[in-house]
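Please look through the sequence and the model shown here, and then read the report on side-chain contacts that follows.

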Amino acid sequence: FSPQVDSANAGRVLASDAAVFLKKSGLTDLVLGKIWDLADTDGKGILSKQEFFVALRLVACAQNGLDVALSSLNLPVPPPRFTDTSSPLLLSATASTDLPWAVKLEDKAKYDAIFDSLNPVNGLLSGDKVKPVLLNSKLPVDILGRVWELSDIDRDGMLDRDEFAVAMFLVYCALEKEPVPMSLPAALVPPSKRKPLNVPGAMPLIPSATPTKESHQSLPPVGILAAKTSLTQ
């Protein structure tokens, strides 16, 4: 074990220590909570060395767009990536300001037209206004929940013009049968969002057996995510 996570050198990792370390993966609290549940097999809030390795392996799976599931453990993936920042925007060194945005100009124009048709207020769309557009795609609710979570980059429960473009891009990818990634690839982060920033409300990871009131504050108050929320609880 690295001293970073096993400060007492006891051969096991407490939830609080693991949370701080795993947050550096850039994955969302929702995904990290699922990883914790799978790794902490006896639900004691402590990981043995073997269980911690399982958690790291699942982090690598999520970062490479694979399902967070025990069935993914045997698939070949690169090692997990961790940064020394709490910002999920800096997923890797490639999240530089000069990386071209994955959203093409002609597609952005289409997404902007949809955005403007939904009557944004102060350049922002609430979850209630975005929900019908997402549901109209006929994609499964859990996929749409992940699309929202990845596109609401600043975690304010609203989408601005660039965040909405990310959401639409992910929806169209999913409709083309491409998997929605577990974490936002660096190339998809809008250039306007690539400055290092502290995400408001970033909270320590807590095993989902003890949900807190704050654990869903990053999600929009819309029914689309009801199934997702009940899963984590």
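## Side-chain contacts in the model

Cys-173 is buried, with a relative accessible area of 17%, where buried stands for under 20% relative accessible area, exposed for over 50% and partly exposed for what lies in between (1.4 Å probe, protein chains only). Cys-61 is buried too, and its relative accessible area is 0%. The structure holds zero disulfides, a disulfide being a pair of cysteine sulfur atoms within 2.5 Å.

This is a predicted model, in which local features need pLDDT of at least 70 and side-chain atom pairs count only at pLDDT 80 or more, while totals for chains, interfaces and linings use all residues. Residues are numbered from 1 along each chain as its sequence is written, and side-chain values use heavy atoms, with hydrogens and water left out.

The aromatic rings come next. Rings of Phe, Tyr and Trp (its six-membered ring) pair if their centres lie within 6.5 Å, and planes under 30 degrees apart count as stacked, over 60 as edge-to-face and the rest as tilted. By this rule the count comes to three aromatic pairs. One of them joins Phe-21 and Phe-52, whose ring centres are 6.0 Å apart and whose planes stand at 45°, so this pair is tilted. Because Phe-21 lies in helix 1 (residues 15–23) and Phe-52 in helix 3 (residues 49–63), the pair ties together parts that are 31 residues apart in sequence; helices (H or I, at least four residues) and strands (E, at least two) are DSSP runs, numbered from the N terminus. Phe-21 is buried at a relative accessible area of 13%, and Phe-52 also counts as buried, at 4% relative accessibility.

Tyr-111 and Tyr-172 form an aromatic pair that is stacked, with 6.0 Å from centre to centre and 15° between the planes. Tyr-111 belongs to helix 4 (residues 105–117) and Tyr-172 to helix 7 (residues 161–175), so this pair ties together parts that are 61 residues apart in sequence. Tyr-111 is buried, with a relative accessible area of 6%, whereas Tyr-172 counts as partly exposed at 42% relative accessibility.

How many salt bridges does a search of the whole structure find? The search finds nine salt bridges, each being a side-chain nitrogen of Lys or Arg within 4 Å of a carboxyl oxygen of Asp or Glu. The table lists some of them.

| Asp-162 | Lys-108 | 3.5 Å |

In the salt bridge between Asp-162 and Lys-108, distant parts of the chain are linked, with Asp-162 in helix 7 and Lys-108 in helix 4, 54 residues apart. Asp-162 counts as buried at 18% relative accessibility, and Lys-108 is buried with a relative accessible area of 11%.

Asp-112 is buried, with a relative accessible area of 16%, while Arg-161 is partly exposed at 32%.

Finally, salt bridges that share partners join Lys-108, Asp-112, Asp-116, Arg-161 and Asp-162 into one network.
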